[in-house]
Amino acid sequence: ALLADPLADDGADQRTMSLGDHLTELSRRLWVCVLAFLAVFIGGMFFYQELWSAIRLPLRWAAASLGKPVEEYVHFQWLGPLDPFLAMARVTLFGGFLLVLPILVYELWMFVAPGLTRRERQALVTIFTAGSGLFLLGVAVAFFLALPVGLQWLLWFSGTLEGAVNQWTLDYYLGFVTLVCVGFGLAFETPLVMYALARVGLIGPQGLRRYWRHAILLIVVLAAIFTPPDPFTQIILASFLLVLYGIGYLLVCSAAKKRLAAD
């Protein structure tokens with residue numbers, strides 16, 4: 001194993017590390033991540049009222065689209081004395097993870113980079129940057145587009161049922177929002193995953209063209225799994241997945257050309 005400047009050339013001055021040195025280095029970087037996450041989590045709990053307002057934004061936008069305040073559609077209820085605190089702790093945990101994600105990626109990079117060649121370091125920088133950016137983009141699309149549209153339809157549908165009253169638990173609502181955001185975030189990694197599989201030779205342009213019908217069926221199934229049971233949110237995710245699949249196909253073609261040139 002080698003310890004070196006992760007931005008240096010392959011010929012830079014390097015020294016060997018023992019297994020104990022590796023474990024010490026890993027422990028130190030893990031502690032940095034844990035302390036950063038705890039700091040963000042504790043700090044976020046001081047702003048729980050602002051977080052409570054933020055997590056309800058998609059619901060407010062959905063109600064506003066229907067022309068009424070959200071209080072006329074939904075009332076949240078607590079089923080136990082600890083429910084309010086535990087619910088806001090979940091919100092802070094999810095938000096803290098998104099805020100600490102750059103630190104986690106950086107610490108992981110600084111741990112593995114010294115033992116890699118210059119070409120491998122460049123590839124990992126691209127993967128980390130593109131992967132984090134695509135995940136956050138997917139979360140943003142879910143929060144600002146898919147959730148308001150899906151909740152608007154669900155509120156409208158519940159309003160057509162005479163005598164029914166929306167009394168949601170915050171725990172269920174948070175699980176709903178988290179599922180949609182994480183689902184969109186993972187779905188947006190599709191082009192990167194396709195490119196990585198193409199670079200190692202597991203998939204190619206010919207196979208993607210041959211099984212495009214199977215890919216569309218898989219996209220529809222995934223859109224149904226990672227979205228609530230309303231057609232509009234599922235259509236939004238499926239549409240984005242189709243576009244991402246097309247982008248991934250172009251990247252696979254590029255990777256195939258690179259492999260052919262290398263051979």
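Reader: Which residues does Tyr 173 touch, beyond those up to four places away in sequence?

Author: In this predicted model, Tyr 173 touches Ile 55, Arg 56, Pro 58, Leu 59, Phe 76, Leu 151 and Trp 168. Tyr 173 and Leu 59 are also among the residues with the most contacts inside the largest nonpolar core, together with Leu 155 and Phe 184. That core has 46 residues.

Reader: Which element gives the most to this core?

Author: The elements that give two or more residues include helix 3 (57-65), helix 4 (83-112), helix 6 (170-187) and helix 10 (231-262). Helix 5 gives the most, with ten residues.

Reader: Is Asn 166 buried or exposed?

Author: Buried means under 20% relative accessible area. Asn 166 has 16% relative accessibility, and therefore counts as buried. This residue lies in strand 4 (residues 166-169). Its side chain reaches the backbone oxygen of Tyr 73 at 3.0 Å. Asn 166 also touches Val 74, His 75, Leu 155 and Ser 158.

Reader: Which residues form a nonpolar patch on the surface?

Author: The patch consists of Trp 31, Val 34, Leu 35, Leu 38, Ile 42, Phe 46 and Phe 47. Together they have about 780 Å² of accessible area. One of them, Ile 42, is in helix 1 (residues 19-45).

Reader: Why does Ile 42 count as partly exposed?

Author: Exposed means over 50% relative accessible area and buried under 20%, with partly exposed in between. Ile 42 counts as partly exposed because its relative accessibility is 47%.

Technical notes:
Residues numbered from 1 in each chain as written. Predicted model: local features only at pLDDT ≥ 70, side-chain atom pairs only at ≥ 80, totals over all residues. Heavy atoms only, no water. Core = buried A, V, L, I, M, F, W, Y, C linked by side-chain atoms within 4.5 Å. Buried < 20%, exposed > 50% of the residue type's maximum accessible area, 1.4 Å probe, protein only. Helix = DSSP H or I, 4+ residues; strand = E, 2+ residues; numbered from the N terminus. Contact = heavy atoms within 4.5 Å. Patch = residues over 30% accessible without salt bridge, like charges linked within 9 Å, V, L, I, M, F, W, Y side chains within 5 Å. Areas by Shrake-Rupley, 256 points an atom, 1.4 Å probe, with all protein chains shown as cover. Salt bridge = Lys/Arg side-chain N within 4 Å of Asp/Glu carboxyl O. Polar contact = N/O pair within 3.5 Å; in protein donor to acceptor, adjacent residues only side chain to side chain.
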